[in-house]
Each structure stands twice: as C-alpha cells, then as structure tokens.
Amino acid sequence: MSASALPGKTKVKRQTTFDEGTGKLAALLLSPTLLVLALVVVYPIISALRESLYTSGQQVDADGFVVEGSQFVGLDNYTAIFSGETGDRFWNAFYNTTFFTVTCVLLETVLGIAMALVMHKAFKGRAIVRASILVPWAIPTVVSALLWKWIFQADGAANALLGQQILWSTEGWQSVLSVIVADTWKTAPFIGLLVLAGLQTIPEEVYEAAKVDGASPWQAFLRITLPLVKPALLVAVLFRILDTLRIFDLPFVLVGANKTSVETLSMLAYDEASRTRYGPASAYATILFLYVAVVAYAFVKLLGADVLGDRVQKKAGGKNGKNGKKKSKDQAPEGATITAMAGSASGGGGVG
C-alpha cells in the first residue's frame with residue numbers, strides 16, 4: 001500500500017511561484033555583460049594597482065650597476081608623492097581638482113535647474129529651445145575645448161567683448177576662469193536634461209492645488225518641485241561630481257599641460273606616463289580612484305542618492321514580508337504622497 005493511500009495522511013502539494021528559476025536565468029543572461037566588465041574594468045584596476053608597486057627604466061643598484069626593467073619597490077611610489085617638490089605639486093593638483101569639482105558642479109546645478117524649468121514650460125518654439133540648450137552637451141569635450149580656446153585667444157571674441165587684452169592661457173586666475181566657463185557651458189545641459197525628466201513626472205494637479213491654497217511660485221518651487229525632482233537631481237549631481245573629479249581633456253586642450261593653475265590629478269598621472277614612469281603614474285591614478293570612490297560613497301550615504309533606483313522596492317519588500325499581502329504606511333499610493341506634498345506646500349490651509 002502506498003503512502004498516499006494510508007488513512008490520516010495527505011499528500012503535500014509543492015507550490016510553485018512565478019519567479020522560480022529567474023535567478024539562474026538572470027545570472028545566465030548577465031554573464032556576458034559581467035565578463036566584459038571584468039575585462040575592461042576589473043582587470044585594468046588590478047593591473048594599475050600592481051604597476052604602482054613597481055618602477056621601470058634604468059636604475060643603479062647598491063653596487064653601482066645599472067639595472068633595467070621593472071623592480072618591486074613596494075609603497076615607495078606612494079610615499080614619494082607626498083614628499084618634497086612632488087608633494088607640493090600633488091597637493092596643488094588635488095586642490096585644483098577639488099576646486100573645479102565644487103565650483104563647476106555648483107554652477108551647473110543652478111543653471112541646469114533653470115534650463116529644465118525653461119524647457120518644461122509650454123510655449124511656442126519649445127522644441128527649438130530644447131534642441132539649442134542640448135547642443136553644448138552633444139559636442140565632444142575636445143571640440144568644445146578647441147572652440148573656447150579660439151574664443152579666449154588674444155584676438156578672440158572674449159577680449160573683443162571685454163575690450164581688454166587678457167592672456168587666458170597663461171598662469172593665473174584667467175586660466176582657471178576659462179576652464180570653469182567652458183566646463184559649465186558644456187555640461188550644465190546634462191543636469192538640465194535629467195531634471196527635466198523628473199519635472200515631467202509631476203502632475204499639474206499638484207501645482208493647481210497649491211495655487212488654490214495661496215502658494216506663491218517660489219513656495220511651490222521649494223516645497224513641490226525640488227522635493228519631487230530630488231532623486232533625479234541627486235543622481236545627475238553625483239554623475240557630474242564623478243566626471244569632474246576626473247577632468248583632464250578640457251584644461252589640457254584649453255590651457256595646456258604643466259600649468260600650475262589648472263593642473264589636476266589626471267593631468268599629473270598623464271604627465272608621469274608620458275615620461276614612461278608608469279609606476280608613479282599608476283600611483284597617481286590609484287589615489288584618484290580612491291578619492292572618487294570615497295566621494296561617491298559619502299555622497300550616496302549623506303544625501304541619499306538612489307543611484308540604482310530600487311530603494312523604494314527594498315523598503316517595501318522588507319516591510320511587507322515574503323507574502324507581500326500587507327501594506328505599510330510608507331506604501332501609500334503615489335497620488336496620496338503627492339497630495340500630501342501639495343498640502344505641505346500650501347502651509348496646511350493657506351499661505352499668507
């Protein structure tokens with residue numbers, strides 16, 4: 001007699017879920033992409049770390065003999081960066097990199113939000129305005145640097161407009177200003193484009209409700225627009241921070257190499273590599289990589305930038321449990337959330 005035929009015993013039927021086996025399928029489909037990323041990202045990083053521990057070229061050993069090839073020097077390439085004239089040059093490049101990042105990203109954020117608000121308005125010829133605003137971002141960086149180099153040359157449009165003879169490519173504040181202007185002009189539309197995408201997800205009913213309650217345009221901007229476009233804005237700012245920290249081609253083409261005023265960490269690494277000093281160049285690149293990683297981690301943790309876009313899903317999954325049948329208070333419908341924000345914009349019953 002079979003077990004199923006015994007009295008008092010029931011056969012347990014195994015329940016299958018819809019997403020059963022999708023994990024293996026996802027891993028299989030993503031394996032080519034992960035392999036490419038390992039070849040073009042992971043392997044170069046490991047190679048750069050290894051190269052930073054070696055030095056190459058002709059050197060003299062303790063016995064006075066000339067030794068050629070790569071030699072293991074440990075952390076000597078890193079310690080040499082922070083000592084003597086090399087240390088002064090490194091800290092100057094570190095300051096320039098940080099200064100360009102803070103200044104350019106701040107200006108680009110303000111201008112990008114303004115561009116997004118203009119592109120979001122409904123008016124005649126909006127398509128032409130959108131296209132003209134996005135043109136600078138579509139131009140390659142090197143081409144943009146060449147265009148601004150012609151503008152900032154001695155007999156260029158900048159001096160003609162100012163009525164003065166300023167040597168923009170020489171050491172001093174003028175070279176720094178030229179880089180800031182060129183970088184802001186080129187990449188502010190990038191932030192504007194991402195903010196525009198966030199603006200288009202805000203229903204007009206929210207602004208109408210706030211207007212009925214007496215909210216001014218500035219109050220609606222602060223309490224409705226900014227909170228609702230914050231996720232897209234933070235991601236855009238994060239991308240621009242990471243990109244500006246690695247700035248190289250714009251100051252290199254616009255101003256030139258070996259200029260103390262605009263020399264960045266990427267330009268230092270390039271200068272060492274051009275002299276076939278690959279060990280110190282790799283050390284500079286590794287330090288820059290760590291700097292970018294720390295800044296990105298701090299930005300995400302402190303400001304809460306949802307880079308992957310799955311924070312809400314993770315919170316919902318953790319609160320609902322495995323069955324996903326219960327709803328928590330944080331899972332209010334989108335309409336209720338927007339209505340609540342509109343209420344806060346109106347000051348809870350009238351803005352005076």
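Mentor: Go ahead, and keep in mind that this is a predicted model.

Trainee: Which side chain of opposite charge is nearest to lysine 186, and how far away is it?

Mentor: Lysine 186 is in helix α7, where it is buried yet has no salt bridge. A salt bridge needs the nitrogen and the carboxyl oxygen within 4 Å. The nearest side chain of opposite charge is that of aspartate 243, at 7.9 Å.

Trainee: Which backbone oxygen lies 3.2 Å from a polar atom of the lysine 186 side chain?

Mentor: Apart from neighbours within four places in sequence, lysine 186 is in contact with Pro136, Trp137, Ile139, Pro140, Thr141 and Ser144. One of these residues supplies the oxygen at 3.2 Å, and that residue is tryptophan 137.

Trainee: Threonine 187 is in helix α7 as well. Is threonine 187 buried or exposed?

Mentor: The cut-off for buried is under 20% relative accessible area. Threonine 187 has a relative accessibility of 8%, so the residue counts as buried.

Trainee: Which side chain is joined to that of threonine 187 by a polar contact of 3.2 Å?

Mentor: Leaving out neighbours within four places in sequence, threonine 187 is in contact with Glu108 and Arg240. The side-chain polar contact of 3.2 Å is made with arginine 240.

Trainee: How many residues apart in sequence are the parts tied together by arginine 89 and glutamate 263?

Mentor: The side chains of arginine 89 and glutamate 263 meet in a salt bridge, with N to O at 2.7 Å. Arginine 89 lies in helix α3 (residues 84-120), and glutamate 263 lies in the loop between α10 (249-254) and α11 (265-274), so the parts tied together are 174 residues apart.

Trainee: Is glutamate 263 buried or exposed?

Mentor: Arginine 89 is partly exposed at 24% relative accessibility. Glutamate 263 has a relative accessible area of 5%, and therefore counts as buried.

Trainee: What is the sequence separation of the parts tied together by aspartate 271 and arginine 89?

Mentor: Aspartate 271 forms a salt bridge with arginine 89, the closest N and O atoms being 3.1 Å apart. Because aspartate 271 lies in helix α11 and arginine 89 in helix α3, the pair ties together parts whose separation in sequence is 182 residues.

Trainee: Which arginine meets aspartate 271 in a salt bridge of 3.5 Å, N to O?

Mentor: Aspartate 271 is buried, with a relative accessible area of 8%. The partner at 3.5 Å counts as partly exposed at 46% relative accessibility, and this partner is arginine 275.

Trainee: What is the value of phi at threonine 276?

Mentor: Threonine 276 is found in the loop between α11 and α12 (278-303), where it is partly exposed with a relative accessible area of 46%. Phi is positive here, in a residue other than glycine, with a value near 60°.

Trainee: And what is phi at asparagine 258?

Mentor: Asparagine 258 is placed in the loop between α10 and α11 and is partly exposed, at 45% relative accessibility. Again this is a residue other than glycine with a positive phi, near 55°.

Trainee: What is the geometry of the pair of rings from phenylalanine 82 and phenylalanine 90?

Mentor: A search of the whole structure finds 19 aromatic pairs. In this one the ring centres are 5.1 Å apart and the planes stand at 75°, so the pair is edge-to-face.

Trainee: Which of the helices hold phenylalanine 94 and tyrosine 291?

Mentor: Phenylalanine 94 and tyrosine 291 form a tilted aromatic pair, 4.7 Å centre to centre with 35° between the planes. The pair ties together parts 197 residues apart in sequence, because phenylalanine 94 and tyrosine 291 lie respectively in helices α3 and α12.

Trainee: Over which ring does the charged end of arginine 50 sit?

Mentor: The charged end of arginine 50 is 4.5 Å from the centre of the ring, which belongs to tyrosine 54.

How values were computed
Residues numbered from 1 in each chain as written. Predicted model: local features only at pLDDT ≥ 70, side-chain atom pairs only at ≥ 80, totals over all residues. Heavy atoms only, no water. Helix = DSSP H or I, 4+ residues; strand = E, 2+ residues; numbered from the N terminus. Buried < 20%, exposed > 50% of the residue type's maximum accessible area, 1.4 Å probe, protein only. Polar contact = N/O pair within 3.5 Å; in protein donor to acceptor, adjacent residues only side chain to side chain. Contact = heavy atoms within 4.5 Å. Lys, Arg positive; Asp, Glu negative; His and termini not counted. Phe/Tyr/Trp six-rings, centres within 6.5 Å; stacked < 30°, edge-to-face > 60°. Lys NZ or Arg CZ within 6 Å of the ring centre and 35° of its normal.
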